Amino acid sequence: MTSRQRSAESNSLSPRRRTVVKAAAATAVLAAPLAAALPARAADEAPAFLHGVASGDPLPDGILLWTRVTPTTEAVPGSGLGPDTEVGWIVAKDKAFTTVVAKGSVTATAASDHTVKADVRGLTPATDYWFRFSAGGTESPAARTRTAPASDAAVANLRFGVVSCANWEAGYFSSYRHLAARGDLDAWLHLGDYIYEYGTGEYGTRDTVVRQHAPAHEILTLADYRIRHGKYKTDPDLKALHAVAPVVAIWDDHEFANDAWSGGAENHTEGTEGAWPARQAAAKQAYFEWMPVRPAIAGTTYRRLRFGKLADLSLLDLRSFRSQQVAVGNGSVDDPDRTLTGRAQLDWLKAGLKSSDTTWRLVGNSVMISPFAIGSLSADLLKPLAELLGLPKEGLALNTDQWDGYTDDRRELLAHLRSNAIRNTVFLTGDIHMAWANDVPVNAGTYPLSASAATEFVVTSVTSDNLDDLLKVPEGTVTALAAPVIQVANRHVHWVDTDRHGYGVLDITADRAQMDYYVLSDKTKANATSSWARSYRTRTGTQKVERTYTPV
């Protein structure tokens, strides 16, 4: 989510904020943007697997496999063209596929944009497998995946990559490449903003579009969302990560439109850009077509996975049911009739946390739950931070798109954790384009004298703008000035890095959950290097974060 406003480079565009192609033009499916969504190839190479293969949502006995086949040259994403095509799949215990354990086939059709999924069951828990697809004599690349431990297994260790917020035009996805190269992940978590909906040049890129996405206009229709997903799936670093470990993904707003809520979005003009229910339905359909995610309750992304006795993972959908964001400072953030989660989802989350018998309760959470007050930042720092968070430039200390804008839901959830003595709850969060390590206080105003109900690790963006990008200053400049002020005003915040891009690696044992934060040398360079920045952990039973000085 977070740059709530288009960046300064959009000044040459229409002041209305939506600058390219309105609904009529966006509806037209043109050859050029469709072709741009996939790499060039010869006409006689069809069918082909141009968008890689992926797996997701690991279970003790199963895994969800995904690919897209391009049966003919004209059957590009979003085209609605191409014949029904039988796609075979095979799962083996070895990369050479000498020990096959499962195989089958599924039909790819234009109705699903020629994407296919195979929900394979009957596998062995905590086991590495290899899989691939085939069609018309063509085989896809082989890929590795891994099942979850048995539900009652005593698991010594789990390790997850953690990422969010990947704006194609702002840079390269080197974070994915470095995670893929590790070779030690049980799975990786994508906490939202896997794609962005904006048109070319409409979202922050430090005045430079590093690489242009497709289609060039803001995505509005089912064809548009399919093309954009298809473009992302051509990225070599993203394909590499999908090919080595299963993903566990949730959506945030940019899979739909900026600051989406149940009835609309900041970046949606009703009528001119069609009806919101139609746009939302198109975005959801494309997401489930193109992502190895099982549609869960009511066709959303909230669901729960278990990894033995060590951890369970409750995954939230904080867009489908939320009330509209309110203006800052009008007092209605505390209105108990307003909700971020929706009643059913909040009850489901509370029940799951209470009944959990695992050592750790992880929550995949797309927007920050820890309260955040800006404090007495200077004007030159306050303005870009307000822009990033969607706050008034005058600096009222509240981001109403986060849990701060829905305080009754947060109060109820944290009270539930405290009253039921639920320990070891760790929120894993994206969205804000900064890295944070937080205690989650029951009462921020009196913290640390009041209790901490949970902890929160927030990962920075893969490429999306953070504060140094908005100010166009050298990396690290803003953090040095802003972080001390933020921490004084927010005593539950142990660390914040406002400037750098990268990813996290979450390592869990029975004794502690540790997040290692890694940063990139330069998001605009395809060969960017990665380096360890900081590590924080929460030890079992403490509900507090502490710094540790080496990565796992």
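Biologist: Are lysine 523 and aspartate 469 buried or exposed?

Modeller: Lysine 523 is buried, and aspartate 469 is too. That word means under 20% relative accessible area, while exposed is over 50% and partly exposed is in between (1.4 Å probe, protein chains only). Mind you, this is a predicted model, where local features need pLDDT of at least 70 and side-chain atom pairs count only at pLDDT 80 or more, while totals for chains, interfaces and linings use all residues. Residues are numbered from 1 along each chain as its sequence is written, and side-chain values use heavy atoms, with hydrogens and water left out.

Biologist: Why is the contact between lysine 523 and aspartate 469 called a salt bridge?

Modeller: The term asks for a side-chain nitrogen of Lys or Arg within 4 Å of a carboxyl oxygen of Asp or Glu. Here the closest N and O atoms are 3.4 Å apart, so the pair qualifies. Lysine 523 sits in the loop between strands S20 (512–520) and S21 (530–539) and aspartate 469 in helix H10, so the pair ties together parts 54 residues apart in sequence. Helices (H or I, at least four residues) and strands (E, at least two) are DSSP runs, numbered from the N terminus.

Biologist: How many salt bridges are there in the structure?

Modeller: There are 33. One of them joins arginine 206 to aspartate 468, with the closest N and O atoms 2.8 Å apart. Its partners are 262 residues apart: arginine 206 is in the loop between strand S10 (187–190) and helix H4 (222–232), and aspartate 468 is in helix H10 (residues 467–471).

Biologist: What makes strand S19 mostly covered?

Modeller: In S19 (residues 502–508), 7 of its 7 residues are buried.

Biologist: How do you know that S19 pairs with S9 and with S20?

Modeller: Two strands pair if DSSP finds at least two bridges between them. Strand S9 (residues 158–163) has 5 bridges to S19, and S20 has 7, so both pairs pass. S9 and S19 run antiparallel, as do S19 and S20. For instance, glycine 504 in S19 is the bridge partner of valine 162, and leucine 506 stands opposite methionine 515 in S20. A hairpin through 3 residues joins S19 to S20.
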